[in-house]
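Reader: I'd like to learn how to read a model like this one, feature by feature. Can you walk me through it?

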Amino acid sequence: MFAKSLPLVLALLELQRVSAWVNSPTPAVSRSIQSQDGWMIPNHHHKRHLLSSSSLAATLEPQEKIASDDNSSQKSLILDTLASVAQESKEYASTFGVSHTEAAVYAVFSAIRNSKIPLGMTGAPFVLRRDEIIQALQVEQPPFDHFFTLQDLATAVEEDFLDAARGSTDNRKGWQITTVSNPRGESFEEARMTFEDVEAALDKGTVILNAIGAHVPKLAAPALACTDATSLPNAINLYVTAAGKRTSAPPHTDRQDVVVVQTSGQKHWRVFAPPNPAQKPMADVFARGKGDDNLPLHVLLDENSGNELLVETVLNMGDVLFIPAAFPHTTSTSNIADEQDATSVHLTFNIDSHVWELDYLSARRLALKRGCVHDAVLGQTKDTDNRYQGKVNQLPSNVRDDLLKALPMGLLDEDGDTVDELLKEATAELKRISSAVDEETAAAVDEQIWEDTMVRLRQQGMELLETHRDMYLAAMQEGKTREAEEAMTEHLGDSATTSRKTMTPERMQRLSLFRVKKYYDQIDASKNSLREWSYLGKPAEQGTTTAGSANTLPADWAFTLPVKIGDQVEADLGGAFFDATVTRVAGSKYDVQFFDGDSEIGLDRSMLKLKTPPAMGSDDEVDTSSMTPKQLKRWRKEQEKKKS
């Protein structure tokens, strides 16, 4: 009876795969939204060297230790801050009714945020050992030991319709991925990935499940804790590797700052300083060693390459490793001593600032589009251009490093004096950095647009944050529903609870691929809205600094254009619209006061209809000289529509 559902299921799986692609080992070009601070490395030229026998051995077998895994000052700061937020993390866990593990996750990310350690390219990796975490949090039970194991993955696969990838293992080439599932027929049941598929993939490489916190209820609460602690729309990936793999992940870099939590088994890690972007400007510094870009281990280990090995260590169960964005790293499970728990399982918590355009490079690009100012210095006017490739990597290192910084953590907090101050600071920093890139281009942007851009980026960030929270809460609720179902069938014996779950129509509708679709749709809609906003700008008039209004309006302008305090609107209350005035804006939510004095709070933008459009300039007043090619093309199409 499920055979007819297969095309829809496979289509939704593709949507899931594409939406989670932002976290995958091989990023799609159109999803290339990463970055952060900057690491200054001498400009060494690449040279070819023959590997000595000792160098070759270093690429094959993990050494006990080459570089320190302490970074003592930063690590001490994190541990001190961890202790200071221990009580707050317990209160958080109590509020949401979650375990000491989620409390520890909340504490670790609160410590990263509160300590204000550098992230991205100016950051530094560090290791927190299991006993150090226990001591800092003053807890008796280890928070991460066996929290998620191979058996937990088997249960998740049994209960749901999940998809996974398998990573390549050649440390001389870029990281490639292939699918794990092996459909055995056309029915729904036959299309489901089995745990046998996972076990077969483990024989060949590392099994990866991206954005797993949205799909597996047990991991939804940790994903929520990470998201709440940072006020960022973050995600979790799961990595499973069998013992004896000389290379479980080839050298590569990520767009995210990541916190690796070893929940079962052991894994050997090497972390290197970021390569100098100027040496290979057309490579994305946040996606090195992925896809067609090669970042061979023997090159990183070559002492003449300038790629310093910063950390070499084995993570044991309960240990935590922090790796900033753009830092190359590679892993192995060869020569791991623990025979009783040989399979390595670790969770990677992603700080996704750059995935969601919350960095100064993205903000500058958005402001230039909004202001219809051509980017003569960095170019890349197409939406599909990877902003982290090309001329940006050839800027002076200090300018490039500033440009690749993430926006300040805390910018997406609820409204308040602290947020207002952060918004002002971020706006001023955006203007300063943009002027450092090119004064003439920055001067062409209307003064108000810098602030408008930062406000609009914050608005979108808050929308994404709310969507992620709702998605994780929905997964947590699904977990409670499944627990209740298990309790109801417990009297039937082990055979009813341990066999592969047969999907009834009702249970199938609750599967994660159906559950998350609406949230991915919301994410896509939010991103599209930001892109459309960037093209609604009008060039600043010559000799003035007054912000121009939009020269054309979309058909649904009344429900999509930005709304500010004081705007006259019609508010939708159950299908009927009533005249009202906007009194408060809090991210994507709006408070209004009606003509009779009554008020309504927390309305969505779709529930507000602007009564009058913004002031419009005549066609003759539009200066197209500084429009980007895409903006000019769009403007011309709008004029043709008006004439027809």
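Author: Helices (H or I, at least four residues) and strands (E, at least two) are DSSP runs, numbered from the N terminus. Here β5 (residues 235–241) pairs with strand β12 (residues 344–351) in the antiparallel sense, over 7 bridges. In that pairing, Y239 sits opposite H346 in β12. Strand β4 (residues 207–209) also pairs with β5 in the antiparallel sense, over 3 bridges, with V207 opposite V240.

Reader: What should I know about the source of the coordinates?

Author: This is a predicted model: local features need pLDDT of at least 70, side-chain atom pairs count only at pLDDT 80 or more, and totals for chains, interfaces and linings use all residues. Residues are numbered from 1 along each chain as its sequence is written, and side-chain values use heavy atoms, with hydrogens and water left out.

Reader: Where is pLDDT below 50, and what do I do with that?

Author: pLDDT is the predictor's confidence in each residue, from 0 to 100. Where it is low, the predicted coordinates should not be read in detail. The chain averages 82, and 77% of the residues score at least 70. Over residues 1–66, though, the pLDDT is below 50, and it stays under 50 over residues 542–551.

Reader: Back to β5: how many of its residues are buried?

Author: Buried means under 20% relative accessible area, exposed over 50%, partly exposed in between (1.4 Å probe, protein chains only). In a regular strand the side chains alternate between the two faces of the sheet. In β5, 7 of the 7 residues are buried: A235, N237, Y239 and T241 point one way, while I236, L238 and V240 point the other.

Reader: And helices? Which residues of α4 are buried?

Author: An α-helix has 3.6 residues a turn, so residues three or four places apart point the same way. In α4 (residues 86–96), the buried ones are A86, S89, Y92 and A93. Down the axis of α4 they fall within an arc of 115 degrees (taken from the directions from the helix axis to the C-beta atoms), so they line one face of the helix. On the other side of α4, S94 and T95 are exposed.

Reader: What do the buried residues of α4 pack against?

Author: Contact means heavy atoms within 4.5 Å. The packing partners are α3 (72–84), α5 (100–115), α6 (130–137) and α10 (217–230). Just after α4, G97 takes a positive phi of about 65 degrees.

Conventions: Two strands pair if DSSP finds at least two bridges between them.
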